[in-house]
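Subject: Structure handover

Hi,

Here is the structure I promised to pass on. Please open it first, then read my notes below.

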Amino acid sequence: MNTAWLPENQTPSIVLISAAEPVRDAVSRVAAAAGAKLITVPGAAEALAVGAPLLLVDVDAPLPRLPADIEVIVVGLNGQETQVWERAAALSAHRAAVLPSAAVWLADYLGRASKPAQGRVVGVAGATGGTGATTLSCLLAHSAAADGLATCLVDGVPLDGGIDGLLAAREAQGIRWPDLADVKGTLNPRQLLEALPVVNGISVLSWTRSLEDIVPEAEPMAPVVLDAVRTGFDLAIVDLGGSQDQTALAACCDTILIVLPARRRAIDAGRNLAKQLAPIPVSVVIRGPVADGLDPQTIANMTGARFAGYLPHQRGMAAAEETGTVLEYARRRRLQRALGGIIAHLDVPAGQTA
């Protein structure tokens, strides 16, 4: 797949429609104070071609026809208060600003609007092999999406055959990791969001089944990709698998969940992995069943990590992984409650991303 369009093209965050030099100068000073990117264009056609989500319209500019999803602020100069408010009403504009009187307010607003909101990137790693880190990643992504969070599931294990297989979504249209092999510098979050396959409300960035598609440069490009994911989604769940060698991807995570079987032999492995991942914040998810004489909170305490939740044993899960029906288990009430508790532990603010 040709992905030449994916690198970020430095699209300005804010566009001004104006042919009047005094207005352009006044808005430019405000934008500079706000540290916001600004471009001035003569009309609506040019503004729409830029594709910025925030548009300033000079009160004296021709009345533009604009899509309803673009935020509009009508601007004018002192003495034009009546015209500014009339034009704002005619455009159904979100706000109006008369300069320089409203310069402080507008600078603050543009400063906040020009900085993309940041979502949370959470890694999921197994304390040992075969602990179900990939399955938990899928279930957590499903639970978060069902709760209304813009969610991306990221496959961090190149040799496992593609996480989309667990979702029965190998044929879903969209890009995979190999399509991002040539990405350098920055990646446009909105374009990435639109290009990823969507399965049950989850955007999925998966590897593939073919060894020939594995990209040796995947680790160096991981920070670029996850920066875009962080900007484009409320929550990204990164499957780190059972390997302790996913250092580049792990380093990009804001926090990591370690999946820990409730067995005495696994506790040492969980403790060692938590130490290895420092200083990244780590919590543990205890996977049942629990051995006699132990309880989930005590096991977490023994690892030195925070307790994120208990995952009850699910009979038949191995077969579901083979058939791509893992998400069907998310309908079980006991598991729903457990997943909801883990999501709550992550404390992800909803609706923070573009």
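Thr135 is buried, because its relative accessibility is 7% and buried means under 20% relative accessible area (exposed is over 50%, partly exposed in between; 1.4 Å probe, protein chains only). This is a predicted model, in which local features need pLDDT of at least 70 and side-chain atom pairs count only at pLDDT 80 or more, while totals for chains, interfaces and linings use all residues. Residues are numbered from 1 along each chain as its sequence is written, and side-chain values use heavy atoms, with hydrogens and water left out.

Back to Thr135. This residue lies in helix H5. Helices (H or I, at least four residues) and strands (E, at least two) are DSSP runs, numbered from the N terminus. Leaving aside residues up to four places away in sequence, Thr135 touches Leu166, Met317, Glu321 and Val326. Contact here means heavy atoms within 4.5 Å.

Next, the second largest pocket. Its volume is about 560 Å³, meaning the space filled by probe spheres set on grid points joined across faces, edges and corners. A pocket is found on a 1 Å grid over the protein atoms alone, with a 1.4 Å probe: an open set of points with protein on both sides within 12 Å along at least five of seven lines, and lining residues have an atom within 4 Å of a point. There are 30 lining residues, and Thr131, Gly132, Ala133, Thr135 and Glu321 are the closest to the centre. Helix H5 (133-146), strand E10 (235-241) and helix H11 (317-323) each supply at least two lining residues. H5 gives the most, with five. By type, the lining has ten nonpolar, 16 polar and four charged residues. Nonpolar covers Ala, Val, Leu, Ile, Met, Phe, Trp, Tyr, Cys and Pro; charged covers Asp, Glu, Lys and Arg; the others, Gly among them, are polar.

Now the aromatic pairs. How many are there? The count is two. Rings of Phe, Tyr and Trp (its six-membered ring) pair if their centres lie within 6.5 Å; planes under 30 degrees apart are stacked, over 60 edge-to-face, the rest tilted.

- Trp105 and Tyr109 are stacked, at 5.4 Å centre to centre and 25° between the planes. Both lie in helix H4 (residues 103-113), four residues apart. Trp105 is partly exposed at 34%. Tyr109 is buried at 11%.
- Trp177 and Trp207 are stacked too, with centres 5.6 Å apart and planes at 15°. This pair links distant parts of the chain, 30 residues apart. Trp177 and Trp207 are both buried.

Best wishes
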